[in-house]
Amino acid sequence: MALHVEGLLAIVIFYVLILFVGIWAAWKNKNSGVEGGSDQSESIMVGGRDIGLFVGGFTMTATWVGGGYINGTAEYVYLPSYGLAWAQAPFGYALSLVVGGLFFAKPMRSRGYVTMLDPFQQLYGKRMGGLLFIPALMGEIFWSAAILSALGATLSVIVDININMSVIISALIAIFYTLVGGLYSVAYTDVVQLFCIFVGLWISVPFALANPAVSDIGVTAVKKVFQTPWLGKIQPSDGWMWADNFCLLMLGGIPWQVYFQRVLSASSATYAQVLSFLAAFGCLIMAVPSVLIGAIGASTDWNQTSYGSVPPMEKDESDMILPIVLQHLCPPFVSFFGLGAVSAAVMSSADSSILSASSMFARNIYQLAFRQSASDREIVWVMRITIFVFGALATAMALLTGTVYGLWYLSSDLVYVIIFPQLISVLFIKGTNTYGSVAGYFFGLLLRIGGGEPYLKLPPFIYFPGWTREEKVHHLTKEVEHIVVQKFPFKTVAMLASLLGNAVFSYVAKYLFESGTLSPKYDFLDAVVSKHSKEIMDKTTLVGSDNIILSEMAPVKPKIGSSLAGTFMNTEALSDEGETSPDSNNEHQ
């Protein structure tokens, strides 16, 4: 395959545009937040808490709509053994944003936290916060590595350039503008990237549908033509596994720093909720062209195309069905525009994950656990260094690790079974403490690892009811692999066990110490008897900014002038002024 100059030019144009927008956003907002009394480090992490409705809606949507989302949705619709019925990401992540907006956005934003780990360190102490940082960090880094890996594969399909070079350049651009502008650059580039994805894919769809090699997708949805119908179906024996995966997306999509980064940057608690609901709608809209491209792939007679007579599935290239459709079923100028859109999608995911990981490390590990006296300038430099380090780590994993997707699947499961029940406990269950948190952590970890992970060739040591042993044939090598499939919803059971373990062990520990059954000297975690020890942090340690009143649940007043939304809508109607928290009500009684 020769080097496609047009394709290379399209990518260069997209990347220069995104880099320009990232630098412009950093310059435009260089003093935003700082002028209002916030630290520069906090401004980098949460954008001065003045992200408006327009930019906020786009950046919240980009929480999940990225390279993995659009490629993965198309892949599952295309695969004969799955189909649309198993393409759970669009509805799963949309419902995740709805649930997050209804129950989690308001308490997190209104209490003035800066990262997702703040409430854990406030209630359970800095050591437990450090323990919870591990699955959170793994999720962010492996997610970034997985989508950078997907980018390399995508670019190699259409433009014959070195995969390693394309991944490194993409990562460097994302790291550079994130270093320069923090959340502002991430948010404003998200607007451009989502627009590019939407326009790029929608331009491609009509051309692909009109290709003579493509049958009527309405017919192939319900009738076998080239392969089984792309609507797919759920076998009764797979029902629990389907429900388990759906709960993983819907509930496991909440406890991610990439989501709360956007929530905590909103100009009010109500804004944070509205942005979540807007993003849920955006997730569904952005999935439509991917679903159609997957359906087109399933309806194509590949023998009539330049791809060849062997379908992508039989070449183990199902994961690249979207770029394959763009290249072989669309005119060159259309496919190159679509390619630029896909590249932009990947960067919109990578930048926010890298910023999330560095924010949690700089604040919750470096500042709160080790250097509480650190200056703001010192925290900013720690953030800049870790943005580069975590970005380089994700890039290296994308290039060198063959099991990056397996690592991401496992880490996202750990976020669901460990961090989600901890988040429910810390926000909604009264009386939980560090002993319960530790117990819940290890219950969830044990049950999830015990179920095994086929992607990592990690065999199970707990065989749940309904497990089966299946053969997986690699089409290219003809290698037969025997894997154990757990059809029992063990991930959700692990999550519930973690939640129950947290509550039970917390109350047991509380009873044993407060009743005198155990001597206070055995309270080695300082979780029950020594509630106000240095290990347990108060709100003044976590939130030092003057513009957040700590005894209430009212948000910072929106800075209308700094958001595009202020031009078009009555932002005062969306503010939370006048709301009070249960704490503030108790103070006046």
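**Rings, charges and helix packing in a predicted model**

The charged end of Arg384 sits over the ring of Trp381, at 5.1 Å from the ring centre; a charge gets that label when NZ of Lys or CZ of Arg is within 6 Å of the ring centre and within 35 degrees of the ring normal. Lys315 does likewise with Tyr307, its charged end lying over the ring at 4.3 Å from the centre. This is a predicted model, with local features needing pLDDT of at least 70 and side-chain atom pairs counting only at pLDDT 80 or more, while totals for chains, interfaces and linings use all residues. Residues are numbered from 1 along each chain as its sequence is written, and side-chain values use heavy atoms, with hydrogens and water left out.

As for the overall build, the chain comes to 21 helices and two strands. Helices (H or I, at least four residues) and strands (E, at least two) are DSSP runs, numbered from the N terminus. Of the 589 residues, 58% count as buried, where buried means under 20% relative accessible area, exposed over 50%, and partly exposed in between (1.4 Å probe, protein chains only). Take contacts (heavy atoms within 4.5 Å) between residues at least 6 apart in sequence: 82% of them join residues at least 24 apart.

Back to the rings, then. The structure holds 24 aromatic pairs. Rings of Phe, Tyr and Trp (its six-membered ring) pair if their centres lie within 6.5 Å; planes under 30 degrees apart count as stacked, over 60 as edge-to-face and the rest as tilted. Trp24 and Tyr188 make an edge-to-face pair, with 5.6 Å between centres and 80° between planes. Trp24 belongs to helix H1 (residues 5-28) and Tyr188 to helix H8 (residues 163-210), so this pair ties together parts 164 residues apart in sequence. Trp24 is partly exposed at 34% relative accessible area, whereas Tyr188 is buried at 13%. The rings of Trp242 and Phe246 are stacked, because their centres are 5.3 Å apart and their planes at 5°. These two residues are four apart in helix H10, so about one helical turn separates them. Trp242 is partly exposed at 23% relative accessibility, and Phe246 is buried at 15%. Elsewhere, ring pairs link Trp64, Tyr93, Trp143 and Trp256 into a cluster.

H10 also packs against another helix. The axes of H10 (residues 239-252) and H18 (residues 490-514) come within 7 Å and cross at roughly 50°, which means that H10 is oblique to H18. Axes are lines fitted to C-alpha atoms, for helices over the stretch in contact, and angles run from 0 to 180 degrees between N-to-C directions; under 35 degrees counts as roughly parallel, over 145 as roughly antiparallel, 65 to 115 as roughly perpendicular and the rest as oblique. H10 brings Asp244, Asn245, Cys247, Leu248 and Leu251 to the contact, and H18 brings Phe490, Lys491, Thr492 and Met495.

Two more spots deserve a look. Phe133, in helix H7 (residues 126-158), is buried at 8% relative accessibility. Leaving aside residues up to four places away in sequence, Phe133 touches Leu117, Ala357, Met360, Phe361 and Ile365. Met116 is 17 residues from Phe133 in sequence and 9.7 Å away in space, C-alpha to C-alpha. Helix H13 (residues 321-329), for its part, is mostly covered, with eight of its nine residues buried; among them are Ile321, Pro323 and His328.
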